[in-house]
Amino acid sequence: MRRRRREMEQLSMSFLDSICCGFGSIILLLVMSRHDHPHMIEEGKENLAGVIAKYEQELNDILGETEVVQRDRNTTISDVDLAKLKVEDLEKLLARVRSETLKAQGEASVSTEAVDRLAKAQQTLTEEQKRLLADYKPAPDEYKVGGIPVDSEYIVFLIDTSGSMKQFVWDQVLQQIRETLEVYPTVKGIQVLNDEGEYMFKSYRREWIPDSPTQRKTIIDTLRNWDAFSNSNPREGIIAALRELYDPNKKISFYVYSDDFATGTGSINAVVREVDRLNRTDNSGRRRVRIHGVAFPSIYSATGELYSATDYVTLMRVLCQRNGGTFVALPVERGNRRSRN
């Protein structure tokens with residue numbers, strides 16, 4: 001048994017020696033077959049460096065093209081912005097040309113109507129009167145729209161916000177203001193005060209509201225619900241506007257909308273003298289601010305009586321006459337006058 005075990009041990013050792021020799025031979029063969037491996041690695045590095053350089057060049061080319069495209073884009077944007085500005089300028093020019101054309105057409109229409117009225121009136125004149133009027137031609141500054149001169153660049157609305165106006169004729173007031181604004185396609189400034197001298201837009205106190213379609217719509221919308229205290233005395237608003245907005249270098253028109261000159265708020269003569277003192281004349285003898293007046297029949301519509309409304313009519317007729325304006329008394333709308341008990 002001992003001998004047999006020894007033979008088995010010798011056999012095992014021989015087998016292990018054979019296996020180790022085999023593995024060693026394999027490793028030696030592998031080493032001998034890869035003797036050029038460092039050279040291949042070096043060559044691979046060089047190829048990789050070339051690929052990287054190629055990609056870097058392509059990247060630089062792409063970045064260069066991107067810069068050119070971006071520069072072209074910026075140039076295009078600048079050209080578009082410039083074109084937009086030119087379009088805006090052309091639109092403004094077109095609007096101004098249209099307004100001037102409409103104004104010229106309105107003046108031509110008014111002048112034609114004036115000539116027609118004059119021709120009809122001449123039919124009833126004496127021969128001497130016809131001879132005196134044969135060569136008469138109205139001066140350009142006499143042309144008016146609806147009897148109101150439209151040569152002003154700034155407009156001030158002085159509105160009676162008393163209960164009688166708000167209750168009976170406020171829709172008429174808004175309509176009159178809209179129609180007045182339509183007569184002036186464009187102006188340099190607008191302002192709105194009530195007859196107490198209170199500004200409707202506090203942020204524009206003693207300043208001019210820039211004219212634009214949006215501003216005009218805002219004025220009408222705000223007027224619709226404007227609720228300011230009033231004692232029906234247009235004198236206070238007129239005097240406040242003259243003191244705070246008068247400018248000898250501006251052509252200004254006041255539009256006074258009211259229905260009353262309340263008793264106890266001052267005499268007509270005193271108001272006329274005060275306005276004369278503030279609204280001074282220029283070198284040609286004309287007053288710089290035109291004062292127009294509109295009388296609303298709200299008191300008569302409500303009561304059937306005139307009361308102190310006649311004082312307002314008298315005051316405004318005198319002020320309009322002395323300050324180059326026009327006075328208009330609106331008729332009572334049918335169905336508006338209330339019956340008296």
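**Note on the strands, a serine and a surface patch**

1. Let me start with strand E6 (residues 289-295), which is mostly covered: seven of its seven residues are buried. Buried here means under 20% relative accessible area, with exposed being over 50% and partly exposed in between (1.4 Å probe, protein chains only). The strand and helix labels are DSSP runs numbered from the N terminus, helices (H or I) having at least four residues and strands (E) at least two.

2. A word on the basis of this note. This is a predicted model, in which local features need pLDDT of at least 70 and side-chain atom pairs count only at pLDDT 80 or more, while totals for chains, interfaces and linings use all residues. Residues are numbered from 1 along each chain as its sequence is written, and side-chain values use heavy atoms, with hydrogens and water left out.

3. Back to E6, whose two faces are both covered. On one side sit Val289, Ile291, Gly293 and Ala295, on the other Arg290, His292 and Val294, and all are buried. In a regular strand, side chains alternate between the two faces of the sheet.

4. E6 has partners in two strands. With strand E5 (residues 252-258) the pairing is parallel, over seven bridges, and Tyr255 has His292 as its bridge partner in E6. Strand E7 (residues 327-329) also runs parallel to E6, joined by three bridges, with Ala295 opposite Ala329 of E7. Pairing requires that DSSP finds at least two bridges between the strands.

5. Helix H8 (residues 268-278) has as its buried residues Ile268, Val271, Val272, Glu274, Val275, Asp276 and Leu278. Their cover includes helix H7 (234-245), E6 and helix H10 (309-322).

6. Please have a look at Ser162, in the loop between strand E3 (154-159) and helix H4 (163-168). This serine is buried, at a relative accessible area of 6%. Setting aside neighbours within four places in sequence, Ser162 is in contact (heavy atoms within 4.5 Å) with Ser230, Ser232 and Asp259. The side chains of Ser162 and Ser232 make a polar contact at 3.3 Å. For that term, a pair of N or O atoms lies within 3.5 Å; within protein, one must be able to donate a hydrogen and the other to accept it, and residues adjacent in sequence count only if both atoms are side-chain atoms.

7. Turning to the surface, Leu48, Val51, Ile52 and Tyr55 form a nonpolar patch with about 390 Å² of accessible area together. Patch residues have over 30% relative accessible area and no salt bridge, and nonpolar side chains (Val, Leu, Ile, Met, Phe, Trp, Tyr) are joined within 5 Å, like charges within 9 Å. A salt bridge puts a side-chain nitrogen of Lys or Arg within 4 Å of a carboxyl oxygen of Asp or Glu. Ile52 lies in helix H2 (residues 37-122) and is partly exposed, at 42% relative accessible area.

8. Finally, the whole chain: 10 helices and seven strands, with buried residues making up 31% of the 341 residues.

How values were computed: Areas by Shrake-Rupley, 256 points an atom, 1.4 Å probe, with all protein chains shown as cover.
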